[in-house]
Each structure stands twice: as structure tokens, then as C-alpha cells.
Amino acid sequence: MPEEVRDIGENDQKSLLFTKMVRWCHALLLLLALARSASGQEATQTFPTDTLINNVVRDPQTGRVYLGAVNAVYQLDSSLRLERRTETGPRRDSHQCTPPIPQTCKDAKQMDNINKLLLLHPANGSLVVCGSLFKGLCSLLNISNIEEQVYYSDTKGEKTYVASIEESVSVVGVMASFEKDGDDLPVFLVGKGYGSQDSAKLISTRILQDYREWVVFENIVEASTVQANPFFLKYLHDFRHAFKDDDFLYFLFSRTMGASNSRNFTFVARLCESDPHYFSYTELQLSCGHGNAYNKVRAAHVASPGEELAGHMTATGRYGTVRPSDRVLFAVFRTDEEHGGSALCMYPLRAINERLVQIIGACYTNKGLIDGKNAVRSPYSTTTNFCASVQGENLVTSYKCGAEFLTSPLASTEEFALTADALYERKGKGVLTAVGVSVENEHTVAFLGTSTGEVYKVHLSSTPKVYHRRPGDGSGHGVNKNLFFDTSRTHLYIATDKRISKVPVQACHLKTDCQSCMAQEDPYCGWCVLEGRCTRKVECGRAEEVNGWLWSPKQECVKIESFEPPNLSCRKTQEVKVGVSAFPSIRESDRLQCRFGSFVCEASMDGSQITCRLADHVRIPPTPDKQDFVAVPVKILVNETVEVAAQHFKFYNCSAAMKKVENARCLSCVTSDWGASGTLRITPAATATIL
């Protein structure tokens with residue numbers, strides 16, 4: 001691929017000094033982290049930036065993290081240690097002049113470069129970086145060393161202007177491929193809101209290599225219906241997410257209906273990856289909450305639901321059968337009002353695709369009607385009766401990516417929006433701004449970032465529950481919409497305005513007993529009974545055995561429920577049978593013991609009952625004054641060191657019972673709580689003793 005790299009005036013000495021300073025800071029942070037680790041708590045790894053972080057991406061192959069910030073791009077390793085940094089601004093620019101900016105441009109001045117788009121291009125090992133300078137031009141950086149610029153050109157003209165010069169205009173992108181005359185070309189599709197001085201292309205396809213007459217970053221698809229209309233301004237598109245699934249590309253955004261009503265509505269637009277003309281472009285409205293209470297999408301994450309949540313979704317009857325491996329769009333929405341609240345909703349991609357097929361089919365075959373109601377509208381046109389003709393029933397399957405002779409683009413009417421109940425709602429200050437979803441042992445956990453910098457952990461089930469809140473960093477800055485996991489999914493990367501942090505998704509090991517482990521109600525955690533630890537299931541050696549690992553949200557520990565006999569005389573010893581609940585399976589190689597106070601005896605197990613064989617020489621502690629019994633701590637031990645369950649067992653003392661009522665010693669003995677009986681012997685000193 002031809003390269004054209006221009007001198008963009010970087011101050012190498014300044015960059016080197018900054019890099020050294022950051023590395024010194026990281027050395028200090030490492031020392032602090034080691035000190036914190038010594039206390040038993042895993043340290044949170046962080047990296048600060050000088051300017052606002054706009055975009056964050058992670059390379060799944062290397063684990064590297066890339067930050068697109070104002071005037072800089074950072075390359076970090078998986079532990080957020082700085083590897084490389086390159087400056088992207090400020091630069092001499094003008095909104096009135098065409099790049100390259102000539103010296104004669106009177107309005108030119110030093111301007112910040114806001115990162116508008118950051119995409120991995122793994123096929124050739126580069127990073128796509130698009131900024132707000134120079135009409136939204138992009139560059140390619142070496143993914144292994146971002147200080148090395150692979151491609152940049154500001155001389156190719158308007159056809160290579162990709163992003164927006166305006167800070168408030170949102171831009172999203174997704175990698176794809178484009179077939180041309182048998183050649184498979186790397187491209188990325190861009191969704192962009194309206195900027196008053198930007199190119200008016202709502203959706204565009206940008207090539208990533210020179211090919212024949214096309215140059216790098218040129219828009220290679222011309223589709224006037226979703227590109228060249230200047231009235232896009234009135235729709236106020238706000239793109240939030242773009243992704244690929246199977247053969248389709250999806251864009252998630254909110255917009256108005258273009259009329260005098262300024263209320264926003266959320267849409268997911270779909271088109272075929274192999275569609276070179278956007279004939280398949282169709283928008284489906286998504287409704288979140290009762291009456292579409294939460295109408296403006298803010299962030300999204302596509303993930304599988306896991307077994308528990310899939311079962312719940314199926315049981316609602318709204319989406320048909322949902323499998324644990326299905327793909328689901330999890331999205332956070334807010335109201336138009338500043339403090340109106342926000343919510344999490346979810347939509348199976350299968351349900352989205354089925355509804356889109358219904359919408360397309362209604363237009364192709366039934367004049368846009370479903371059950372006699374209008375289901376289809378033209379999204380960016382005042383044209384009516386555009387679905388007037390009734391055509392063949394097989395058109396939807398024969399032309400699933402549309403065709404020139406078929407109507408496009410299409411959008412659903414509000415009545416045929418795909419609706420979802422709010423799984424989690426948040427009222428008042430601190431609206432939801434980010435979402436990440438992971439599945440642990442078929443249970444689904446959502447991590448929800450807020451505009452005040454907090455992250456809430458929500459167990460998604462038939463009754464979703466917040467079980468943990470991670471406070472913000474104190475700066476008051478919100479969580480960036482790019483919330484994602486590391487390769488092992490054991491850590492979460494959280495970016496705020498000027499900081500990114502890597503935090504563990506759980507802290508099971510900090511809980512040292514079963515009760516505190518259960519109190520978390522954390523789906524990641526459980527009590528590893530035969531190891532005496534609070535762990536993830538995968539970390540418990542005998543978790544697959546019956547009751548080997550007790551899951552935190554079930555709120556169940558191994559418990560001693562009964563003793564037989566319920567108590568014993570201090571002067572007698574015999575077997576004690578202990579009834580236990582949720583006791584794990586015991587192997588022949590395991591050693592089972594009972595500890596009564598300081599005395600340890602061997603034990604055996606039969607079903608849910610443990611038999612402790614007390615010896616004659618059991619030493620019972622003295623009976624406390626004004627008490628006729630002593631409570632001795634009883635512990636069930638496995639392999640000598642692991643305490644599985646504990647309770648107190650009472651040894652009664654009839655001599656002490658008789659002393660409680662001096663004038664009726666015999667009666668006080670046989671009528672005590674212990675129901676003692678025996679032969680009473682009166683000694684010369686008038687002291688009664690039970691034999």
C-alpha cells in the first residue's frame with residue numbers, strides 16, 4: 001500500500017520528557033500497588049492522562065489498550081503501563097480553509113484535536129485514528145508502535161474527510177470487508193451525526209488501502225438516501241455504538257422524527273455487509289421501559305445471556321426461545337430530561353432480526369401493513385405510498401439484502417417498535433452512561449457506569465439486584481461509554497474523563513468466612529467448603545462435587561442443625577450425632593474430625609449425620625458461676641485444618657443445678673432444663689450428688 005506521510009510538527013524532545021515523567025509516576029504507583037497487595041487486597045491499576053479521553057479500544061490478541069484523547073493517542077500494555085505516546089495536536093487549522101492549511105489562511109490558529117474514532121485494523125497491524133482537525137481526516141498508526149505513522153495524507157480532498165470537526169457530533173465505526181471484482185477489500189463503515197461544516201454522509205464506507213482509482217479513507221459507496229441529504233440536521237442523530245454480527249452490520253443511535261417535536265427515539269439500523277449500495281438499510285425503533293419512558297440510548301454491549309437469564313427471557317414469552325449462546329444487545333437509555341432517570345434494557349439479536357424481516361416483508365408484499373396496521377415508514381423522506389405495490393411473497397428471502405428495484409431505506413413505525421422492560425432503573429442524579437456484561441457460571445452480571453463516575457454491579461435474573469457499588473474517583477467525571485473486559489474477563493477497564501483503571505470483577509478472597517462470603521450475594525463468589533475459602537467456582541478444586549462450592553447468592557452455609565443427644569452430663573461421655581445441612585461429599589482419603597473445645601476426636605459420616613466419638617477423658621471446662629451448664633464450641637473439621645461448620649454444645653452439671661435452689665436441691669435437679677435423673681446420695685455434709 002502506498003504511503004504518504006507528512007510532517008505534522010511533533011516536538012520529539014517534549015514527547016520524550018513526558019514519557020519519562022509518566023514512567024516515573026508509574027514506578028511510584030507500582031510501589032503503592034505492592035504495598036496494597038501486601039495487605040491482601042488486589043491493587044487497582046490506573047493510568048492518568050493530561051487531557052480528556054474520548055475513545056478506548058483493546059487489542060484482543062495482545063491485550064494492549066489504546067486511548068484516543070484530546071491531542072494525544074496512548075499505547076498501554078494490559079496492566080496500563082505506558083508503552084508509547086504520540087501527539088495529535090494542537091495544530092494550525094481553520095474551519096474555513098481546506099487542508100493542507102496554507103500560510104495565507106487568515107483564520108488559521110492552533111486548535112485542539114479531539115479524537116472522534118479509534119478502530120483496530122488487525123489485518124495490516126494498524127490503528128485507525130480520526131480526529132476533529134482538518135475536516136475530520138484520519139491516519140493509520142502502527143499497532144505495535146503508535147509513534148510510527150503508517151499512513152497520513154491531507155491532499156486527497158473532500159472524499160477522504162471522515163469524521164466531524166464539531167465536538168458534540170458523535171462518530172462510530174465498525175470494521176468490515178468489501179468485495180470488488182473478486183477482490184476482498186478491507187473497509188470500515190462510519191456512522192456520523194450532522195455537523196454544519198462536515199460532509200453530509202450519515203453512513204459511509206471507507207477503504208483502507210489504495211485500490212485502482214480509490215485512495216485510502218475514500219468513501220466508496222454513494223447512496224444518496226442515507227448520505228447526501230442536508231436536512232439531516234433536523235434529525236439530530238446521536239450515534240452510540242456500531243457492531244458486526246454474522247453477515248450484518250448494525251448502528252445504534254437516537255434521533256428525532258424530523259418534525260417540530262424534539263423528542264428523541266432510539267433506532268438500530270441494519271444493513272448487509274455485502275450490500276454495496278445500502279439497499280438493505282432498515283431502521284427498527286427500540287422502546288425501553290413502560291411507554292418508552294427511556295427514549296435516548298447512551299451506550300451498548302453485545303454479549304450472550306447465559307443460562308439463567310436466557311431462561312428468564314424465554315419465560316416472559318416476549319422473544320420466543322432464547323438460548324444461552326444467543327447474542328443479546330444490552331443497552332442503557334436515559335430520558336430527554338436532565339434528571340429524568342435512566343435504565344438498562346436488552347434485546348436479543350434474533351428478535352431484532354425477526355422484527356426487521358417482518359417490516360421489510362410488509363413493505364415488499366403487503367403495502368406496508370401488519371395485521372391491518374401501518375408498520376413501515378420512509379425514514380428520511382416525505383414520500384407516501386412507497387410500499388403501495390404488492391409483490392411476490394418470496395422477495396424477502398430471495399433479496400434479503402434488498403435490490404435496486406425494491407423500496408429502501410425503510411423504518412418501522414412507532415407502533416411496531418421492539419419493546420423491552422427496564423431490567424434496572426436509576427432515578428435522579430447520576431444517569432447510566434456505560435454497560436459491560438459478562439457471564440459467570442451461567443449467571444449474568446452487568447457492570448453499569450454512571451455520569452458521576454460510579455460503577456454498579458447488577459446480577460441480571462428474574463429479579464435483578466444491585467449487589468455492589470464502586471464509588472467514583474472523586475473527580476465527579478462520568479464513566480466513558482467504552483467499558484470492556486480483559487482477555488480472561490477477570491478484570492474490567494473503566495475510563496473516566498482523564499483516567500483509565502483496571503479493576504478486578506470480584507474480590508471473593510477478601511472474605512474469610514462463609515457468612516461474609518454469602519453476605520456479598522456476588523454471583524462470582526462462593527464458599528469452597530473443603531478448602532475454607534471464598535472463591536470463584538473455577539478456583540475451587542472440588543467445586544463440582546455435591547456441596548463442594550456454595551454459591552453466594554443462595555445464602556447457604558454448612559450448618560449444624562441438631563445434636564443427638566441434645567446435651568450431655570459433664571460426668572458422662574458417649575457418642576454425639578451431629579445433624580448438618582449442605583455438607584459436602586467426603587472421600588475415603590478425607591479425615592473427618594470433631595473438636596469439642598480443645599478435645600479432638602475422630603468422626604464418621606452417614607448421610608447428613610456425623611457421629612463424634614467422645615472419649616472418657618474429655619476435659620470439660622468448669623461450669624460458670626450461677627449457671628448449671630457450660631457451652632463448649634464444637635467444630636467439624638476436614639483434613640485437620642479446614643473448619644466446615646461450628647456450633648455450641650451444652651454439657652450440664654446437676655451439682656450446679658442443685659445449688660441454684662438451696663432448699664430444694666433434689667427437686668431443682670430433676671426439674672431442670674436437662675431432665676436429669678439418677679440415684680440421689682446425701683453425704684454427711686448434706687451435699688447431694690447425682691450418680
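Let's start with strands S32 and S33. In this predicted model, S32 and strand S33, residues 491-495, pair in the antiparallel sense over two bridges. Find Phe 485. Which residue in S33 is its bridge partner? The bridge partner of Phe 485 there is Leu 492.

Now step back to the whole sheet. S32 and S33 belong to an open sheet of four strands. Read the order as S1-S34-S33-S32. The pairing is antiparallel. Which strands are at the edges? They are strand S1, residues 45-48, and S32. Each of these pairs on one side only.

Next, another open sheet. Look at strand S13, residues 183-192. S13 and S14 pair over five bridges. Within that pairing, Leu 189 stands opposite Thr 205 in S14.

Now the largest pocket. Its volume is about 1300 Å³. How many residues line it? The count is 36. Closest to the centre are Val 57, Arg 58, His 241, Ala 242 and Phe 243.

S32 and S12 are among the elements that give two or more residues to the lining. Others include strand S2, residues 53-58, and strand S8, residues 115-121. Which strand gives the most? That is S15, with six residues.

Last point: what is the lining made of? It divides into 21 nonpolar residues, six polar and nine charged.

Key. Residues are numbered from 1 along each chain as its sequence is written. This is a predicted model: local features need pLDDT of at least 70, side-chain atom pairs count only at pLDDT 80 or more; totals for chains, interfaces and linings use all residues. Side-chain values use heavy atoms; hydrogens and water are left out. On a 1 Å grid over the protein atoms alone, a cavity is a set of points where a 1.4 Å probe fits but cannot get out, and a pocket is an open set with protein on both sides within 12 Å along at least five of seven lines; lining residues have an atom within 4 Å of a point. Grid points are joined across faces, edges and corners, and a volume is the space filled by probe spheres set on the points. Ala, Val, Leu, Ile, Met, Phe, Trp, Tyr, Cys and Pro count as nonpolar, Asp, Glu, Lys and Arg as charged, and the others, Gly among them, as polar. Two strands pair if DSSP finds at least two bridges between them.
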